[in-house]
Each structure stands twice: as C-alpha cells, then as structure tokens.
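Let's take a walk through this protein together, one stop at a time. Please have a look at the sequence and the model before reading on.

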Amino acid sequence: MAIARTIDRRLFFVLDRTFLKLAQAADRTLSNGSGVSRSQAAVLIYLGYHDGCTLSELAEGTGRKNAAISGLVDRMEAADLILRKQSYGDRRQRMVFLSDKGWTMREAVMLDFRDFNTKLTRGLTDAETAAVMKFLALSVENTDI
C-alpha cells in the first residue's frame, strides 16, 4: 500500500506553486519598471543575444509555441519594438530583429531583472545556484518535454 504524501512534498506541485508566485512577482517588477509583459520581455532578452533569428528559433528560445510567437511578434512589431526582414538566403523565411526602440526597451528589461535575479538568489552560494540551474535543465530533459 502506497503512503500518501502531503501536496507540499510533491516536487511538481511545489515547482508549480513557486512558478506562479515568481511569475506574479516578475509581472509586478515589469509593470513597475519597463512596462512590458513577461512574454515581450522574454523576446527582447532572447533577441538581444540572437538578433536576426527566425520565428521558429525565437519560439524555441523563449519556450513558446510557433502560433503564440506569431501573434506576439505581430504586436511587438506594431509597437515598433522589433522588425521582420526577409532572409537573404531563403526568401520564404523572415528574420526577427530588435528595432532601436526594442534595444532601448531591452536595456530597461535587463535592469528590471538584474535586481529581480539578485533577490531570487539571495542566500544561495554560486555552487547552490549552479545546482538549481542544473536541476531545472535536467528536469525538462528527464521528462522528455
């Protein structure tokens, strides 16, 4: 007979609750700072490292589905945060770039999250932070997501 464990000891539920609380805190941080959404912030940060990527690469890099990224890119393009340009090598493919306004907004988002990440890792050593990062990366791989 299996022994029932409280919900607080089941790792998925602890992670789920933690994610929800962190997402709410991130939303507040962005709302009080740069004013962009978490999804837009993810795109701005990703493009800062991978400017000129494809929509599929952007979706993969931000953890979103292709259909969701298309609408998000449309809204961000309308807000003049990003630009879409035709690929030089493949005319069927469009590349996504940060606009000048997008680069400026990305810097604001990076400042928002610099303090957020510092608070998030308060009390952890560098080794403990590395262990958390390793766990999170492996947990995705281990569940074949």
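The protein chain carries 21 positive and 18 negative side chains, and the centres of these two sets lie 5 Å apart. Here Lys and Arg count as positive and Asp and Glu as negative, while His and the chain ends are not counted. Each charge is placed at NZ of Lys, CZ of Arg, CG of Asp or CD of Glu.

A word on what you are looking at: this is a predicted model, in which local features need pLDDT of at least 70, side-chain atom pairs count only at pLDDT 80 or more, and totals for chains, interfaces and linings use all residues. Residues are numbered from 1 along each chain as its sequence is written, and side-chain values use heavy atoms, with hydrogens and water left out.

Now for the overall layout. Six helices and three strands make up the secondary structure of the protein chain, and from the N terminus on they follow the order α-α-β-α-α-β-β-α-α. Both kinds of element are DSSP runs numbered from the N terminus: helices are H or I with at least four residues, strands are E with at least two. Along the principal axes, the C-alpha atoms fill a box of roughly 60 × 35 × 25 Å. The chain has 145 residues, and 26% of them count as buried; buried means under 20% relative accessible area, exposed means over 50%, and partly exposed lies in between (1.4 Å probe, protein chains only). The accessible surface comes to about 10,300 Å², with 56% of that belonging to carbon and sulfur atoms. These areas come from the Shrake-Rupley method with a 1.4 Å probe, and for residues only the protein chains shown count as cover.

Let's stop at Leu 44, which sits in helix 2 (residues 38–50). Is Leu 44 buried or exposed? With 0% relative accessibility, Leu 44 counts as buried. Setting aside neighbours within four places in sequence, Leu 44 is in contact (heavy atoms within 4.5 Å) with Val 36, Met 76, Leu 98, Gly 102, Met 105, Arg 106 and Val 109. The C-alpha atoms of Leu 44 and Glu 107 are 8.9 Å apart, although 63 residues separate them along the chain. For the protein chain, 48% of the contacts with a separation of 6 or more are between residues 24 or more positions apart.

Another buried residue is Phe 116, with a relative accessible area of 15%. Phe 116 is found in helix 5, and Leu 22, Ala 25, Ala 26 and Thr 29 are the residues it touches, not counting those up to four places away in sequence. The C-alpha atoms of Phe 116 and Leu 138, 22 residues apart along the chain, are separated by 23 Å.

In helix 6 you will find Val 132, which is partly exposed at 39% relative accessibility. Its C-alpha atom is 42 Å from that of Arg 91, which lies 41 residues away along the chain.

Our last stop is a loop. Asp 80 lies between helix 4 (66–78) and strand 2 (82–86), and Asp 80 is partly exposed, with a relative accessible area of 41%. Most residues other than glycine have a negative phi. Phi of Asp 80, however, is near 65 degrees, a positive value.
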